[in-house]
Amino acid sequence: MTETVIDRVRRVMDAASLSQAAFADRVGLSPDKLSKSLSGVRRFSSLDLARIAEATGTTVDYLLSGREPVRPRSAARPAGTIAEGTGWAEIEAIACRYQNAYDVLKLLGRPRPVPDLPAPRPDLERYVDQGERLAADLTDHLARRNAGSPAGMDLPALTRLLADHCGIDVALVDFPARAALSGATWQSDAFRIVLLATTQEWTRARFTLAHEVGHLLARDAQDLRADAAPQPGRQKDYAEVRANVFAAHFLMPEAEVRAAWERTVTDPDSPTDAELSELVVTFKVSPSALAARLNRLGLLDTARRDRFRGFTTETCHVLTGRLDDHYRHRAESAVARPPLVPMAELLAAYEAGETTLRPLAAYLDRTVDDLRAIVEPARAARPLPEDEKGDPVFQP
(Lines give C-alpha, C1' and ligand atoms only; values in the text may rest on other atoms or scores of the structure.)
Protein backbone atom coordinates (compact mmCIF):
# COMPACT_ATOMS: atom_id res chain seq x y z
CA MET A 1 0.00 0.00 0.00
CA THR A 2 1.34 3.39 -1.04
CA GLU A 3 1.92 5.77 1.87
CA THR A 4 0.26 9.17 1.54
CA VAL A 5 0.93 12.64 2.87
CA ILE A 6 -1.81 12.04 5.45
CA ASP A 7 -0.10 8.83 6.57
CA ARG A 8 3.18 10.65 7.09
CA VAL A 9 1.52 13.51 8.96
CA ARG A 10 -0.15 10.97 11.25
CA ARG A 11 3.24 9.31 11.79
CA VAL A 12 4.93 12.53 12.93
CA MET A 13 1.87 13.33 15.06
CA ASP A 14 2.20 9.98 16.80
CA ALA A 15 5.91 10.59 17.36
CA ALA A 16 5.10 13.95 18.95
CA SER A 17 2.95 12.17 21.57
CA LEU A 18 0.33 14.92 21.55
CA SER A 19 -3.42 14.83 21.32
CA GLN A 20 -4.88 15.94 18.00
CA ALA A 21 -6.11 19.17 19.58
CA ALA A 22 -2.72 19.89 21.17
CA PHE A 23 -0.94 19.13 17.90
CA ALA A 24 -3.27 21.48 16.01
CA ASP A 25 -2.46 24.22 18.49
CA ARG A 26 1.29 23.62 18.14
CA VAL A 27 1.22 23.95 14.35
CA GLY A 28 -1.17 26.89 14.28
CA LEU A 29 -4.18 25.09 12.80
CA SER A 30 -7.70 24.99 14.11
CA PRO A 31 -8.71 21.51 15.32
CA ASP A 32 -11.45 21.48 12.69
CA LYS A 33 -9.05 22.17 9.81
CA LEU A 34 -6.60 19.53 11.02
CA SER A 35 -9.39 16.99 11.38
CA LYS A 36 -10.69 17.68 7.86
CA SER A 37 -7.16 17.41 6.41
CA LEU A 38 -6.51 14.12 8.18
CA SER A 39 -9.79 12.71 6.90
CA GLY A 40 -9.08 13.84 3.32
CA VAL A 41 -11.90 16.39 3.16
CA ARG A 42 -9.44 19.27 3.07
CA ARG A 43 -5.95 19.24 1.53
CA PHE A 44 -2.95 20.25 3.58
CA SER A 45 -1.70 23.57 2.24
CA SER A 46 1.97 24.28 1.67
CA LEU A 47 1.94 26.51 4.74
CA ASP A 48 0.34 23.73 6.81
CA LEU A 49 3.10 21.31 5.81
CA ALA A 50 5.79 23.91 6.54
CA ARG A 51 4.37 24.40 10.04
CA ILE A 52 4.10 20.65 10.67
CA ALA A 53 7.67 20.07 9.47
CA GLU A 54 8.95 22.87 11.68
CA ALA A 55 7.06 21.63 14.75
CA THR A 56 8.13 18.00 14.35
CA GLY A 57 11.75 18.41 13.30
CA THR A 58 11.28 16.91 9.85
CA THR A 59 11.18 18.43 6.37
CA VAL A 60 8.42 19.31 3.93
CA ASP A 61 10.12 17.06 1.39
CA TYR A 62 9.66 14.08 3.73
CA LEU A 63 5.95 14.87 4.26
CA LEU A 64 5.37 15.17 0.50
CA SER A 65 7.57 12.39 -0.83
CA GLY A 66 8.60 10.17 2.07
CA ARG A 67 12.30 10.81 1.45
CA GLU A 68 14.13 10.84 4.73
CA PRO A 69 15.28 14.30 5.81
CA VAL A 70 18.82 15.26 4.84
CA ARG A 71 20.51 16.31 8.05
CA PRO A 72 24.04 17.53 8.60
CA ARG A 73 26.65 14.94 9.41
CA SER A 74 30.24 15.55 10.38
CA ALA A 75 32.69 15.43 7.51
CA ALA A 76 35.66 16.63 9.52
CA ARG A 77 35.96 17.10 13.25
CA PRO A 78 39.29 18.66 14.19
CA ALA A 79 41.14 16.29 16.47
CA GLY A 80 40.44 17.01 20.12
CA THR A 81 37.96 19.80 19.42
CA ILE A 82 34.68 18.48 18.01
CA ALA A 83 34.25 15.20 19.77
CA GLU A 84 30.78 14.11 20.74
CA GLY A 85 29.52 16.00 23.77
CA THR A 86 31.65 19.09 23.12
CA GLY A 87 29.17 21.21 21.22
CA TRP A 88 28.72 19.29 17.98
CA ALA A 89 24.99 18.76 18.54
CA GLU A 90 24.55 22.52 18.95
CA ILE A 91 26.39 23.15 15.70
CA GLU A 92 24.24 20.62 13.88
CA ALA A 93 21.13 22.27 15.32
CA ILE A 94 22.21 25.64 13.92
CA ALA A 95 22.79 24.10 10.50
CA CYS A 96 19.39 22.37 10.62
CA ARG A 97 17.67 25.63 11.50
CA TYR A 98 19.03 27.29 8.38
CA GLN A 99 18.34 24.23 6.24
CA ASN A 100 14.68 24.30 7.29
CA ALA A 101 14.45 27.87 6.01
CA TYR A 102 15.69 26.77 2.57
CA ASP A 103 13.02 24.04 2.55
CA VAL A 104 10.29 26.56 3.38
CA LEU A 105 11.45 29.01 0.71
CA LYS A 106 11.44 26.26 -1.89
CA LEU A 107 7.92 25.28 -0.86
CA LEU A 108 6.78 28.91 -1.15
CA GLY A 109 8.18 29.17 -4.67
CA ARG A 110 11.12 31.30 -3.52
CA PRO A 111 14.04 28.87 -3.84
CA ARG A 112 17.53 30.16 -3.11
CA PRO A 113 19.43 30.46 -6.44
CA VAL A 114 22.49 28.22 -6.51
CA PRO A 115 24.56 29.19 -9.56
CA ASP A 116 27.21 26.92 -11.04
CA LEU A 117 30.67 27.59 -9.63
CA PRO A 118 34.16 26.49 -10.69
CA ALA A 119 35.28 22.99 -9.72
CA PRO A 120 38.75 21.45 -9.36
CA ARG A 121 40.49 20.90 -12.68
CA PRO A 122 40.87 17.14 -13.27
CA ASP A 123 44.22 17.66 -15.02
CA LEU A 124 45.78 19.16 -11.86
CA GLU A 125 46.99 16.46 -9.48
CA ARG A 126 48.67 18.60 -6.82
CA TYR A 127 46.31 20.07 -4.25
CA VAL A 128 48.33 23.29 -4.15
CA ASP A 129 47.81 23.77 -7.90
CA GLN A 130 44.10 22.99 -7.52
CA GLY A 131 43.70 25.65 -4.82
CA GLU A 132 45.49 28.27 -6.89
CA ARG A 133 43.47 27.44 -10.01
CA LEU A 134 40.17 27.50 -8.10
CA ALA A 135 40.97 30.99 -6.83
CA ALA A 136 41.72 32.20 -10.36
CA ASP A 137 38.57 30.56 -11.75
CA LEU A 138 36.32 32.07 -9.07
CA THR A 139 37.90 35.48 -9.61
CA ASP A 140 37.12 35.13 -13.34
CA HIS A 141 33.55 34.07 -12.47
CA LEU A 142 33.10 37.24 -10.42
CA ALA A 143 34.70 39.43 -13.09
CA ARG A 144 32.26 38.12 -15.71
CA ARG A 145 29.46 39.27 -13.42
CA ASN A 146 31.09 42.68 -12.90
CA ALA A 147 31.16 41.88 -9.19
CA GLY A 148 34.53 43.40 -8.42
CA SER A 149 37.58 41.89 -6.79
CA PRO A 150 37.32 40.37 -3.29
CA ALA A 151 40.80 41.68 -2.44
CA GLY A 152 40.47 44.44 0.15
CA MET A 153 36.73 44.00 0.72
CA ASP A 154 35.63 44.22 4.34
CA LEU A 155 33.71 41.28 5.82
CA PRO A 156 30.17 42.63 5.16
CA ALA A 157 31.03 43.45 1.54
CA LEU A 158 32.66 40.06 1.03
CA THR A 159 29.63 38.21 2.41
CA ARG A 160 27.33 40.21 0.11
CA LEU A 161 29.55 39.41 -2.86
CA LEU A 162 29.40 35.68 -2.13
CA ALA A 163 25.66 35.73 -1.51
CA ASP A 164 24.75 37.75 -4.61
CA HIS A 165 27.10 36.14 -7.13
CA CYS A 166 27.90 32.67 -5.79
CA GLY A 167 24.75 31.66 -3.88
CA ILE A 168 26.86 31.23 -0.73
CA ASP A 169 25.12 32.37 2.45
CA VAL A 170 27.28 33.39 5.40
CA ALA A 171 26.26 33.41 9.06
CA LEU A 172 28.22 34.70 12.03
CA VAL A 173 27.60 32.28 14.87
CA ASP A 174 28.38 32.12 18.57
CA PHE A 175 29.81 28.60 18.51
CA PRO A 176 30.12 26.76 21.84
CA ALA A 177 33.46 27.84 23.31
CA ARG A 178 34.38 24.23 24.08
CA ALA A 179 34.19 23.37 20.38
CA ALA A 180 37.15 25.65 19.51
CA LEU A 181 35.85 26.19 15.97
CA SER A 182 36.58 29.00 13.54
CA GLY A 183 34.14 27.93 10.83
CA ALA A 184 31.95 25.27 9.29
CA THR A 185 30.42 24.77 5.88
CA TRP A 186 27.79 22.64 4.19
CA GLN A 187 26.40 22.36 0.69
CA SER A 188 23.66 20.52 -1.17
CA ASP A 189 21.85 20.90 -4.47
CA ALA A 190 19.64 23.52 -2.80
CA PHE A 191 22.02 25.66 -0.76
CA ARG A 192 25.58 26.59 0.17
CA ILE A 193 26.24 27.93 3.63
CA VAL A 194 29.25 29.00 5.68
CA LEU A 195 29.10 29.40 9.46
CA LEU A 196 31.79 31.72 10.86
CA ALA A 197 32.64 31.94 14.53
CA THR A 198 32.17 35.40 15.98
CA THR A 199 35.54 36.86 16.85
CA GLN A 200 37.33 40.16 17.35
CA GLU A 201 40.17 38.83 15.19
CA TRP A 202 38.54 40.10 12.04
CA THR A 203 41.38 39.19 9.70
CA ARG A 204 40.99 35.59 10.84
CA ALA A 205 37.26 35.76 10.08
CA ARG A 206 37.96 36.92 6.50
CA PHE A 207 40.60 34.24 5.94
CA THR A 208 38.36 31.56 7.47
CA LEU A 209 35.52 32.62 5.17
CA ALA A 210 37.75 32.31 2.12
CA HIS A 211 39.07 28.98 3.44
CA GLU A 212 35.52 27.60 3.76
CA VAL A 213 34.64 28.84 0.27
CA GLY A 214 37.64 26.85 -0.93
CA HIS A 215 36.11 23.73 0.63
CA LEU A 216 32.80 24.46 -1.12
CA LEU A 217 34.41 24.82 -4.54
CA ALA A 218 36.43 21.64 -3.98
CA ARG A 219 33.19 19.80 -3.09
CA ASP A 220 34.61 18.92 0.34
CA ALA A 221 31.41 19.84 2.23
CA GLN A 222 28.72 17.44 1.03
CA ASP A 223 28.36 16.74 4.75
CA LEU A 224 28.66 19.45 7.39
CA ARG A 225 32.36 20.21 7.68
CA ALA A 226 33.83 21.92 10.75
CA ASP A 227 37.27 23.48 10.95
CA ALA A 228 39.51 24.83 13.65
CA ALA A 229 41.48 27.99 12.87
CA PRO A 230 43.23 27.66 9.48
CA GLN A 231 46.98 27.19 9.90
CA PRO A 232 48.69 27.86 6.57
CA GLY A 233 51.90 25.88 6.23
CA ARG A 234 51.18 23.62 9.20
CA GLN A 235 48.31 21.38 8.14
CA LYS A 236 48.96 17.90 6.78
CA ASP A 237 45.44 17.28 5.44
CA TYR A 238 45.68 17.96 1.71
CA ALA A 239 42.09 19.23 1.58
CA GLU A 240 43.04 21.82 4.22
CA VAL A 241 46.17 22.75 2.28
CA ARG A 242 44.08 23.29 -0.86
CA ALA A 243 41.61 25.48 1.05
CA ASN A 244 44.44 27.56 2.54
CA VAL A 245 46.09 28.05 -0.84
CA PHE A 246 42.74 29.05 -2.30
CA ALA A 247 42.18 31.60 0.49
CA ALA A 248 45.61 33.21 0.06
CA HIS A 249 45.24 33.56 -3.71
CA PHE A 250 41.59 34.66 -3.51
CA LEU A 251 42.19 37.41 -0.95
CA MET A 252 45.63 38.41 -2.26
CA PRO A 253 45.72 37.86 -6.05
CA GLU A 254 49.25 38.07 -7.42
CA ALA A 255 48.58 40.84 -9.93
CA GLU A 256 46.90 43.06 -7.32
CA VAL A 257 49.58 42.39 -4.71
CA ARG A 258 52.36 43.29 -7.14
CA ALA A 259 50.55 46.45 -8.24
CA ALA A 260 50.01 47.54 -4.63
CA TRP A 261 53.66 46.75 -3.82
CA GLU A 262 54.84 49.00 -6.65
CA ARG A 263 52.53 51.83 -5.55
CA THR A 264 53.40 51.59 -1.88
CA VAL A 265 57.02 50.50 -1.48
CA THR A 266 59.70 53.07 -2.31
CA ASP A 267 62.73 50.76 -2.00
CA PRO A 268 61.78 47.16 -2.88
CA ASP A 269 64.97 45.89 -1.25
CA SER A 270 64.16 47.55 2.07
CA PRO A 271 60.41 48.06 2.64
CA THR A 272 59.61 50.00 5.80
CA ASP A 273 57.30 48.83 8.56
CA ALA A 274 54.87 51.60 7.62
CA GLU A 275 54.81 50.48 3.98
CA LEU A 276 54.20 46.86 4.87
CA SER A 277 51.52 47.98 7.34
CA GLU A 278 49.85 49.93 4.52
CA LEU A 279 49.61 46.70 2.53
CA VAL A 280 48.00 44.98 5.53
CA VAL A 281 45.39 47.74 5.65
CA THR A 282 44.88 47.56 1.87
CA PHE A 283 44.30 43.81 1.68
CA LYS A 284 42.68 43.45 5.13
CA VAL A 285 44.70 40.39 6.08
CA SER A 286 46.92 39.64 9.05
CA PRO A 287 50.60 40.66 8.96
CA SER A 288 51.47 36.96 9.06
CA ALA A 289 49.33 36.13 6.02
CA LEU A 290 50.66 39.11 4.07
CA ALA A 291 54.29 38.34 4.93
CA ALA A 292 53.89 34.73 3.80
CA ARG A 293 52.28 35.83 0.51
CA LEU A 294 54.95 38.44 -0.22
CA ASN A 295 57.67 35.91 0.53
CA ARG A 296 56.18 33.33 -1.84
CA LEU A 297 56.00 35.98 -4.56
CA GLY A 298 59.67 36.78 -4.03
CA LEU A 299 58.96 40.31 -2.82
CA LEU A 300 59.98 39.89 0.82
CA ASP A 301 63.05 38.02 2.03
CA THR A 302 62.83 35.41 4.77
CA ALA A 303 64.35 37.59 7.48
CA ARG A 304 61.91 40.45 6.89
CA ARG A 305 59.05 37.95 6.57
CA ASP A 306 59.82 36.45 9.96
CA ARG A 307 60.19 39.88 11.57
CA PHE A 308 56.93 41.24 10.15
CA ARG A 309 55.03 38.13 11.24
CA GLY A 310 55.53 39.37 14.81
CA PHE A 311 53.45 42.48 14.15
CA THR A 312 49.77 42.63 15.04
CA THR A 313 46.95 43.89 12.87
CA GLU A 314 46.29 46.61 15.43
CA THR A 315 49.92 47.78 15.28
CA CYS A 316 49.72 48.05 11.49
CA HIS A 317 46.63 50.23 11.74
CA VAL A 318 48.34 52.43 14.32
CA LEU A 319 51.36 52.90 12.02
CA THR A 320 49.10 53.94 9.15
CA GLY A 321 46.80 56.16 11.23
CA ARG A 322 43.80 53.87 10.56
CA LEU A 323 43.01 52.59 14.03
CA ASP A 324 39.35 53.60 13.65
CA ASP A 325 39.07 51.19 10.70
CA HIS A 326 40.54 48.41 12.82
CA TYR A 327 37.91 48.89 15.52
CA ARG A 328 35.12 49.02 12.93
CA HIS A 329 36.24 45.77 11.32
CA ARG A 330 36.54 44.15 14.73
CA ALA A 331 32.97 45.10 15.61
CA GLU A 332 31.70 43.71 12.27
CA SER A 333 33.08 40.25 12.98
CA ALA A 334 32.15 40.07 16.66
CA VAL A 335 28.33 40.06 16.50
CA ALA A 336 26.25 37.02 15.54
CA ARG A 337 23.89 37.39 12.58
CA PRO A 338 22.09 35.00 10.23
CA PRO A 339 22.48 34.90 6.44
CA LEU A 340 20.65 37.98 5.18
CA VAL A 341 19.21 36.81 1.85
CA PRO A 342 17.04 33.95 3.23
CA MET A 343 15.94 36.23 6.07
CA ALA A 344 14.85 38.89 3.58
CA GLU A 345 12.97 36.30 1.50
CA LEU A 346 11.12 34.92 4.53
CA LEU A 347 10.15 38.45 5.55
CA ALA A 348 8.99 39.24 2.00
CA ALA A 349 6.88 36.06 1.96
CA TYR A 350 5.28 37.09 5.24
CA GLU A 351 4.57 40.61 4.01
CA ALA A 352 3.06 39.16 0.82
CA GLY A 353 0.68 37.03 2.90
CA GLU A 354 2.26 33.78 1.72
CA THR A 355 3.18 32.56 5.19
CA THR A 356 3.03 33.47 8.85
CA LEU A 357 5.85 34.73 11.04
CA ARG A 358 6.61 31.19 12.21
CA PRO A 359 9.28 30.33 9.59
CA LEU A 360 11.07 33.64 10.10
CA ALA A 361 10.88 33.30 13.88
CA ALA A 362 12.35 29.78 13.67
CA TYR A 363 15.08 31.03 11.35
CA LEU A 364 16.07 33.77 13.79
CA ASP A 365 15.58 31.53 16.83
CA ARG A 366 13.08 33.99 18.26
CA THR A 367 9.53 33.59 19.50
CA VAL A 368 6.71 34.65 17.20
CA ASP A 369 5.53 37.21 19.76
CA ASP A 370 9.00 38.77 20.02
CA LEU A 371 9.28 38.97 16.27
CA ARG A 372 5.79 40.39 15.84
CA ALA A 373 6.69 43.25 18.15
CA ILE A 374 9.59 44.06 15.82
CA VAL A 375 8.10 43.67 12.35
CA GLU A 376 4.50 44.79 12.87
CA PRO A 377 3.87 48.54 13.16
CA ALA A 378 3.18 49.72 16.67
CA ARG A 379 -0.15 51.33 17.35
CA ALA A 380 -0.17 55.08 17.01
CA ALA A 381 0.32 56.84 20.30
CA ARG A 382 -2.79 58.40 21.83
CA PRO A 383 -2.63 62.19 21.32
CA LEU A 384 -2.41 64.19 24.52
CA PRO A 385 -5.35 66.37 25.52
CA GLU A 386 -4.76 70.07 25.01
CA ASP A 387 -4.49 70.73 28.73
CA GLU A 388 -1.72 68.13 29.06
CA LYS A 389 0.46 69.63 26.34
CA GLY A 390 3.34 71.77 27.40
CA ASP A 391 6.94 72.57 26.70
CA PRO A 392 9.15 69.56 25.97
CA VAL A 393 11.17 68.33 28.91
CA PHE A 394 14.75 67.39 28.10
CA GLN A 395 16.58 64.91 30.27
CA PRO A 396 20.29 64.03 30.19
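Me: What should I know before I start reading?

Reply: The model is predicted, so local features need pLDDT of at least 70 and side-chain atom pairs count only at pLDDT 80 or more, while totals for chains, interfaces and linings use all residues. Residues are numbered from 1 along each chain as its sequence is written, and side-chain values use heavy atoms, with hydrogens and water left out.

Me: How many helices and strands are in the protein chain?

Reply: Helices (H or I, at least four residues) and strands (E, at least two) are DSSP runs, numbered from the N terminus. Here the protein chain has 19 helices and five strands.

Me: What percentage of the residues count as buried?

Reply: Buried means under 20% relative accessible area, exposed over 50%, and partly exposed in between, with a 1.4 Å probe and protein chains only. In this chain of 396 residues, 45% count as buried.

Me: Where is D154 found, and is D154 buried or exposed?

Reply: D154 sits in the loop between α7 (127-144) and α8 (155-166). Its relative accessible area is 18%, so D154 is buried.

Me: At what angle do α7 and α8 pack?

Reply: Axes are lines fitted to C-alpha atoms, for helices over the stretch in contact, and angles run from 0 to 180 degrees between N-to-C directions. The axes of α7 and α8 are 11 Å apart, at an angle of about 75°. Angles under 35 degrees count as roughly parallel, over 145 as roughly antiparallel, 65 to 115 as roughly perpendicular and the rest as oblique, and α7 is therefore roughly perpendicular to α8.

Me: Which residues meet there?

Reply: L138, H141 and L142 of α7 meet L161, H165 and C166 of α8.

Me: Is P359 buried or exposed?

Reply: P359, in helix α18 (residues 358-364), is buried, with a relative accessible area of 9%. Its C-alpha atom is 7.9 Å from that of A50, 309 residues away along the chain.

How values were computed
Contact means heavy atoms within 4.5 Å.
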